[in-house]
Amino acid sequence: MDRAARRIIAKAGFGSKFGHGTGHGIGLEVHQGPSVSPRTDGKLAAGMVVTVEPGIYVPGFGGVRIEDDVLVTRTGFRVLTNAPRHLIEIEAG
């Protein structure tokens, strides 16, 4: 999963701007295993719930990280997050 996220971000030209892990397990602790990063060799198993939160950070400009919670299933995955994906313009007050 981490490799796939990095491949997509690198293809968009931002590979060097993604400098953290892709996600982590969700359970009783805030950042519990399994870790989803380039330093992790473990495999995800059906029933696990993990975050998928790749981010791009451009020094001197800003960044973005969108987090989804994902249930790993026997045949793939199911995204549990139900949030809009479009940008909303906010006027400074």
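Visitor: Leaving aside neighbours within four places in sequence, which residues is G63 in contact with?
Guide: G63 is in contact with I56 and Y57, where contact means heavy atoms within 4.5 Å. Before we go on, this is a predicted model, so local features need pLDDT of at least 70, side-chain atom pairs count only at pLDDT 80 or more, and totals for chains, interfaces and linings use all residues. Residues are numbered from 1 along each chain as its sequence is written, and side-chain values use heavy atoms, with hydrogens and water left out.

Visitor: Which strand does G63 lie in?
Guide: G63 is part of strand β5, residues 62-65. Helices (H or I, at least four residues) and strands (E, at least two) are DSSP runs, numbered from the N terminus.

Visitor: And is G63 buried or exposed?
Guide: G63 counts as exposed, at 53% relative accessibility. Buried means under 20% relative accessible area, exposed over 50%, and partly exposed in between, with a 1.4 Å probe and protein chains only.

Visitor: A5 is in the helix, then. Which residues of α1 are buried?
Guide: In helix α1, residues 2-11, the buried ones are D2, A5 and I9. They sit on the same side of α1 because they cover an arc of only 65 degrees around the axis; the arc is that of the directions from the helix axis to the C-beta atoms.

Visitor: What covers them?
Guide: The cover over the buried residues of α1 includes β2 and β4 (55-58).

Visitor: Which exposed residues are on the face turned away?
Guide: That face of α1 carries R3, R7, I8 and K11. Just after α1 comes G13, with a positive phi of about 90 degrees.

Visitor: On to the strands. What does β6 pair with?
Guide: Strand β6 (residues 68-73) runs antiparallel to strand β3 (residues 49-52), joined by four bridges, and T51 stands opposite D69 there. β6 also pairs with strand β7 (residues 76-79) in the antiparallel sense, over four bridges, and here L71 stands opposite R78. Two strands pair if DSSP finds at least two bridges between them.

Visitor: How many residues sit between β6 and β7 in the hairpin?
Guide: The hairpin of β6 and β7 has two residues between the strands.

Visitor: Where is E29?
Guide: E29 is in the loop between β1 (23-25) and β2. E29 is exposed, with a relative accessible area of 55%.

Visitor: Zooming out, what's the overall pattern along the sequence?
Guide: The protein chain reads α-β-β-β-β-β-β-β, which comes to one helix and seven strands. Its C-alpha atoms fill a box of roughly 45 × 30 × 25 Å, taken along the principal axes.

Visitor: How much of the chain is buried?
Guide: Buried residues make up 22% of the 93 residues. Among contacts with a separation of 6 or more, 40% come from residues 24 or more positions apart.
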